[in-house]
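Here are my notes for a colleague who is opening this entry for the first time. Please keep the sequence and the structure side by side while reading.

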Amino acid sequence: MNYLSVENIAKSYGERELFNNLSFGINENQKVGFVAKNGTGKTSLLNILAGTDTPDEGQVIYRNDKRVAFLSQEPDLDPELTIEQTIFSSDNPTLKVVEQYEKALQNPDDADNLQKAMDAMEANDAWDFETIYKQVLFKLNLEDLQAEVKNLSGGQKKRLALARMLLKKPDFIILDEPTNHLDLDMIEWLEEYFKKEDFTIFMVTHDRYFLERVCNEIIELEDGKLYTYKGNYSYYLDKKEERHQLEQTNTDKAQQLYKKELEWMRRQPKARTTKSKSRIEDFHDIKHRASQRRLDHKVQLELNMERLGSKIVEIHNVSKELGGKNLISNLDYVFKKGERLGIIGKNGTGKSTFLNMITGNIEPDTGKIVIGETVKFGYYTQKGIKIKPGQKVIEVIKEFGDYIPLKKGRQISAEQLLERFLFDRKKQYDFVEKLSGGEKKRLYLCMVLIQNPNFLILDEPTNDLDVLTLNVLENFLLDFPGCIIVVSHDRYFMDKITDHLFIFKGDGEVQDFPGNYTDYREYEASKPRVEKTASKDTQTKKEKKEFKTSNAGPSLSYAEKQEYSKLEKEIAKLEKKKEDVQQKFLKELNANEIAENSVKLKEIENDIETKTERWFELLEKLES
């Protein structure tokens, strides 16, 4: 069933054309990820689909009976309402059912109307609505239901808008960077929520694991054309590479034909036959195709790094409280050369405070932080670039000099440097305030790196960056010889860059974990099974004791007990297999290997789900 048809839409701002003649459709149960470079109009397209903006040309058509919801970057919420009032003030159809039921209760003599209202409550699962909305808010760390919207942070408002949207249970959802402002636990919960609910989704996100695990189709806008890939993110990468190889082959053939036709053109006399004129027209077409080159720009980051001495950063017995909240207690750590530290933890546990203490912006309450004499920090903060009115892109970089030193004594001009960061000469003379969010982040990243730091601190560097820039940034960081600290909710980025983690657990506890994010999640996932197993063993001992005194029969048969024990071992082995396959995705794979591992991972996940469901069935029977 078709939910949405987009027909030949175009959008421009002044002389700047974002896109032209775009057409595509979305059908029921499709979960589509939209991929494009920064500045090509992703957010403008979402606004057009959501009805908050109009195309210059073309039209957007929805089925009349479908409910559409839009999660924007800047949600529109009433600042005077509380969190709970915001949920109840929405046009949620379930709330209308509850309202009708409450009215029916006021007139209990009308049995038919009361029965109709009760049937509606049953059909819409409205009996449990209060429990459900509180669970969703709890998952999104919005536990203070009486907190007013005007006192919430930007991230809290985004999460409240997400909760309100999910609780409406719309047929079609439009999402603009849904994982921004979510911590890692929230992102994984949202992935599972989208996988089990029958939503139809169209989203823009830089989170590649989210695209991999939620989407079943990728639409890419590249060089003004749309390309559709009927699969997840791994499938998209595979097929995109095949397309590029085919295009390169066709370009090579066109170049060979062009040389042949060029010789013919040069041999021809001035008088042309009709056949010759047709061939001349074909020649110009061949010339155009032969001149096509893939414009896969790469940000070449070969900047010179200051030498790093033996003493880098030493943390001695540091503690910090803010607002009566214990963030860090008695932390000791000494950084080594080439260290790559990832930092994770729930919002408000002290991650940014830790970074600000290292860079000297905040003093610790107790203890001391010693910085080596050769350390030069490059600090990329969430605040982003400070825009000066009327300042152009090139002027931002020239504040650091007209020429920038590179490795091996070379240098490049400010203009050349910006080109390497995907700002062409025309874009360099745009006003900074006219840049898209992702372009501003890219410019800010350029500003941090050109100052030749040897200790990079990156606080959410992946937000709003397109996938191309992320891949290049990752490749640069893998070659960066200095120290790196990364705070990020981008699991793919963390897995690729970091080799150990600080986990901020709250109440001052900071755990040093020897591995990347996937390693940590696998470690954490194994703990509940151990606890459940221990709980089960305790329960089994209790049942055996009761059996001796009361002659009560066991709740599981002998065969079921054998199955239960076998399932625990099988699930543990499958989890290890899953981890091994996921690790392969972090290596350089060819197209066939990506496809093969994607199929293998899906089979393992399905097997885990099936066996886990059976394990829980037996567990319930055991404990009953």
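1. In which sense do β1 and strand β4 (residues 57–62) pair, and over how many bridges? The two pair in the antiparallel sense over five bridges, where strands (E, at least two residues) are DSSP runs numbered from the N terminus, as are helices (H or I, at least four residues), and two strands pair if DSSP finds at least two bridges between them. Within this pairing, Val6 stands opposite Val60 in β4.

2. The model is a predicted one, in which local features need pLDDT of at least 70 and side-chain atom pairs count only at pLDDT 80 or more, while totals for chains, interfaces and linings use all residues. Residues are numbered from 1 along each chain as its sequence is written, and side-chain values use heavy atoms, with hydrogens and water left out.

3. Strand β1 (residues 2–13) also pairs with strand β2 (residues 16–27), in the antiparallel sense and over eight bridges, with Lys11 opposite Phe19 in β2. The hairpin of these strands has two residues between them, and Gly14 takes a positive phi near 65° there.

4. Thr82 is found in the loop between β5 (68–71) and α2 (83–88). Its relative accessible area is 8%, so Thr82 counts as buried (under 20%; exposed is over 50%, partly exposed in between, with a 1.4 Å probe and protein chains only). From Thr82 to Leu152 the separation is 70 residues in sequence and 9.8 Å in space, C-alpha to C-alpha.

5. Asp119 lies in helix α4 (residues 111–123), and Asp119 counts as partly exposed because its relative accessibility is 44%.
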